Amino acid sequence: MYVSHLSLTDFRSYHQVDLTFGPGITAFVGPNGQGKTNLVEAIGYVSTFASHRVPSDAPLVRAGASAAVVRSRIVRAQDDGSERSLVLDIQLGSGKQNRVKLNGSPSRSRDVIGALRSVLFAPEDLSLVKGDPDGRRRFVDALCVQITPRLAGVFAEYDRVVRQRTALLKSAAGMRGARLDLSTLDIWDAKLAELAARVIVARHAVVAALAPYVAAAYREVSDDQGTAELTYKSSVEPLAAPGDPVAVEADVLRALEHVRRKELDRGLCLVGPHRDDLVLTLGGLPAKGYASHGESWSFALALRLASYQLLSHGPQQGTIDGETDLWVADSGPDGEPVLMLDDVFAELDAKRRTRLATMVADARQVFVTAAVPGDVPPQLAGDRFDVLASEVTRGG
Ligand SMILES: Nc1ncnc2c1ncn2[C@@H]1O[C@H](COP(=O)(O)OP(=O)(O)O)[C@@H](O)[C@H]1O
Ligand SMILES: [Mg+2]
């Protein structure tokens, strides 16, 4: 699929901009702080209904304006070779709910999330390797949602249950010996276990499907001998059958029973997917703490390239036990995502640069941002826009 039009009103630094793209390579070139990342951020927003840079929408609205509008046209190849396009209008404002239109008709976010698939690689992704588990959880969850958009609702509901259950545990911890009605907690445990199981099963399936692509992509981008491995580590242990929601639900309930005393003492929700992590290892050693700067970069890049390949081609080894459902393409044909490489070539050494450029040169659509034209590798020659003080002009 590809984005053929993007029009922004009061989004970030843009008052109004209308851009037309073809498939293939498009580069945004200009010095720092001119509005390049704002453009790929907008395309990412169409895809995920969230920014890759900030957790809330408020900073996305131009200073002084009350709402932003991102309008895009998305073109998808159909199975019979024809193309079909749809127009998505998203109005986002500080604190208010998004207002969404699909081909001019009011629509719900949850019905259009996933209409555009995208993978964005940016320097901040180094924190996937070096940073806290929370960033890695967001990475897996975002990938789950791109594959199966309706999981967005499950993740949101799980977060809500964790917040409410935590509030209850906190109030219990504050009661100091006064009696808490434990039956209320039992009800929350049951809710949490059911949703936790769905989250764990989905993440597990996605990590298993992604892992072979990560190993292959890592080998391709770097010369390093070590094998890059990816495993899901749950706070719920042991998981007898991580692909089976019924079994996982029972495991979560058992784990909750086991930590109940501690949870009541500390007023915290101690087990569940909100405490899980993705373990990245290189040649058997944890990447975090052991990998060099260059290796960490290659690993972060491999995670994104692997996501792109998984979305384009599906799992390498057939369907996944117990979770075939996850791969039902409820997003229609032509799942190849739009690829965005934000400011990454300047950070890579010459060899990794060439390898990355060669790997992505044939993708359906790639957006590249760079400070100077020389930072865009020759393999990625294509359309160019110059970006200066949030004015975007077609370059030569
Ligand atoms: N909500 C906003 N309103 C107005 N300007 C903004 C807003 N958010 C970011 N900016 C401006 O956008 C610019 C950064 O744009 P960005 O796309 O990140 O630059 P780069 O070209 O380096 O990628 C900064 O000048 C910043 O002040
Ligand atoms: Mg930038």
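Twelve of the 13 residues of helix α1 are buried (under 20% relative accessible area, with exposed meaning over 50% and partly exposed in between, for a 1.4 Å probe and protein chains only), so the helix is largely enclosed by the rest of the structure. The model is a predicted one, in which local features need pLDDT of at least 70 and side-chain atom pairs count only at pLDDT 80 or more, while totals for chains, interfaces and linings use all residues. Residues are numbered from 1 along each chain as its sequence is written, chains are lettered from A and ligands numbered from 1 in the order in which they are written, and side-chain values use heavy atoms, with hydrogens and water left out.

Helix α1 comprises residues 36-48; helices (H or I, at least four residues) and strands (E, at least two) are DSSP runs, numbered from the N terminus. From its first C-alpha to its last, α1 reaches 19 Å, close to the 18 Å expected at 1.5 Å a residue, where the expected span is 1.5 Å times one less than the number of residues. The buried residues of α1 include K36, N38, E41, Y45 and S47. Just after the helix, F49 takes a positive phi of about 60°.

Side chains of opposite charge can pair when their charged atoms come close. A search of the whole structure finds 21 salt bridges, each defined as a side-chain nitrogen of Lys or Arg within 4 Å of a carboxyl oxygen of Asp or Glu. E41 and R12 form one of them, at 2.7 Å from N to O. Because E41 lies in α1 and R12 in the loop between β1 (2-11) and β2 (14-20), the pair ties together parts that are 29 residues apart in sequence. Both E41 and R12 are buried.

A salt bridge also joins the side chains of E41 and R53, at 3.1 Å from N to O. R53 belongs to the loop between α1 and β4 (67-77), so this pair ties together parts that are twelve residues apart in sequence. The relative accessibility of E41 is 1%, whereas R53 is partly exposed, at 34%.

Elsewhere, the side chains of R384 and D386 meet in a salt bridge of 3.0 Å, N to O. R384 is partly exposed at 24% relative accessibility, and D386 is likewise partly exposed, at 23%. A network of salt bridges links R165, D186, D189, R260 and E263.

Six strands form an open sheet of mixed pairing, in the order β8-β12-β13-β3-β14-β15; two strands pair if DSSP finds at least two bridges between them. The edge strands, β8 (118-121) and β15 (391-394), each pair on one side only. Neighbouring strands of the sheet are turned by 20° against each other on average, direction ignored. Strands β8 and β12 (residues 338-342) run parallel and are joined by four bridges, with F121 standing opposite L341 in β12.

The axes of helices α4 (residues 133-147) and α5 (residues 151-175) come within 8 Å and cross at roughly 145°. Such axes are lines fitted to C-alpha atoms, for helices over the stretch in contact, and angles run from 0 to 180 degrees between N-to-C directions. In this contact (heavy atoms within 4.5 Å), D141, C144 and V145 of α4 meet L151, A152 and F155 of α5. By class, the contact of α4 with α5 has five nonpolar, no polar and one charged residues; Ala, Val, Leu, Ile, Met, Phe, Trp, Tyr, Cys and Pro count as nonpolar, Asp, Glu, Lys and Arg as charged, and the others, Gly among them, as polar.
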